[in-house]
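Please look at the sequence and the structure below, and then read the short report that follows, which treats one topic under each heading.

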Amino acid sequence: MLRIAVPNKGSLSEPAITMLTEAGYQLHRRGRELVISDHANDVEFFFLRPRDIAVHVGHGTIHVGITGRDLLRDSPSGAVEHRALGFARSTFRFAGPAGEFTSLEDIQGRRIATSYDKLVRDYLNEAGIDAEVVHLDGAVESSVRLGVADLIADVVETGGTLRAAGLEVFGDPLMQSEALLIAREDMRDNAALATLDRRLEGVLVARSYVLVDYNVRERDLNAAIAITPGLNSPTISPLMNTEWLAVRVMVKAENINSVMDRLYAEGARAIIVTKLAASRI
């Protein structure tokens, strides 16, 4: 039975549960259960702190898990990225009092408050910067005003919390983070993981594409297909009116209205867009 770690709280939790549900797994919690068995799919879900997931996966007590890239990089575990999942995107940045810091060199010899000690130390070592890392479990934005540190390193989504604390980001981002499916290297050829991976890929494709149906005269077909070539090839079917053909094709969801406008301009009619629930590519 495949053991899958799921974040039990925070910005990763609900999107992870939603994605796994869309992938066909049964993990609805009636209360605060820590373990849910999905016998139909031969998996067990363990609801764990996001920060602990990489540790459990790295030690092999859990086979795979969903956590953030920032948390994985901050962990000493042996887990590795298996697939990026496209949600909970954020940027890891340095921030300090407005106008005081402008570049990475300004950090030299200063105190940096963070909840991500390893990630920050690894970055500083690679950059050749000598600075003191001050560990805090949370609310690092207040550390400068309290005199605990000179600047902070933290995940930034909108920057509103930083501005409220009188801080501003500077320098290049330490990293771009998002939710990941993580595993150990020795799990890469595991059949159960391969099934999970295909299902999650199917969800990602279904979220990125729509199904487009339209009718087009045979004389205009090539121009329409040039706009919507599809993944492999469009499905083309004859209609009762032999001058017209029916086309069905998968199209990237982004800018779909622009695609419809271009199809209409090339003579396509009865253009219908349908959302996808799942896929296997």
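## The largest pocket

In this predicted model, the largest pocket has a volume of about 730 Å³. Its lining is made up of 29 residues, and those closest to the centre of the pocket are Pro 50, Arg 51, Asp 70, Leu 71 and Tyr 116.

When the lining residues of the largest pocket are sorted by class, 12 are charged, nine are nonpolar and eight are polar.

## The six-stranded sheet

Six strands come together in an open sheet with mixed pairing, and their order is β2-β3-β1-β4-β11-β5. At the edges are β2 (35-38) and β5 (79-84), each of which pairs on one side only, while the twist from one strand to the next averages 30°.

The strands β2 and β3 (residues 43-48) run antiparallel and are joined by four bridges; Asp 38 stands opposite Val 43 in β3.

## Helices across the strands

Helix α1 (residues 13-22) lies across β1 (2-7), β3 and β4 (64-68), and runs at about 140° to β1.

## The annotated domain

An unreviewed UniProt entry lists residues 206-276 as "domain: Histidine biosynthesis HisG C-terminal". In the model, this span is 28% helix and 41% strand, and the C-alpha atoms at its ends lie 5 Å apart.

Definitions and conventions:
Residues are numbered from 1 along each chain as its sequence is written. This is a predicted model: local features need pLDDT of at least 70, side-chain atom pairs count only at pLDDT 80 or more; totals for chains, interfaces and linings use all residues. Side-chain values use heavy atoms; hydrogens and water are left out. UniProt positions are given in the numbering used here, feature names are shortened, and annotations may be inferred rather than shown by experiment. Helices (H or I, at least four residues) and strands (E, at least two) are DSSP runs, numbered from the N terminus. On a 1 Å grid over the protein atoms alone, a cavity is a set of points where a 1.4 Å probe fits but cannot get out, and a pocket is an open set with protein on both sides within 12 Å along at least five of seven lines; lining residues have an atom within 4 Å of a point. Grid points are joined across faces, edges and corners, and a volume is the space filled by probe spheres set on the points. Ala, Val, Leu, Ile, Met, Phe, Trp, Tyr, Cys and Pro count as nonpolar, Asp, Glu, Lys and Arg as charged, and the others, Gly among them, as polar. Two strands pair if DSSP finds at least two bridges between them. Axes are lines fitted to C-alpha atoms, for helices over the stretch in contact, and angles run from 0 to 180 degrees between N-to-C directions. Contact means heavy atoms within 4.5 Å.
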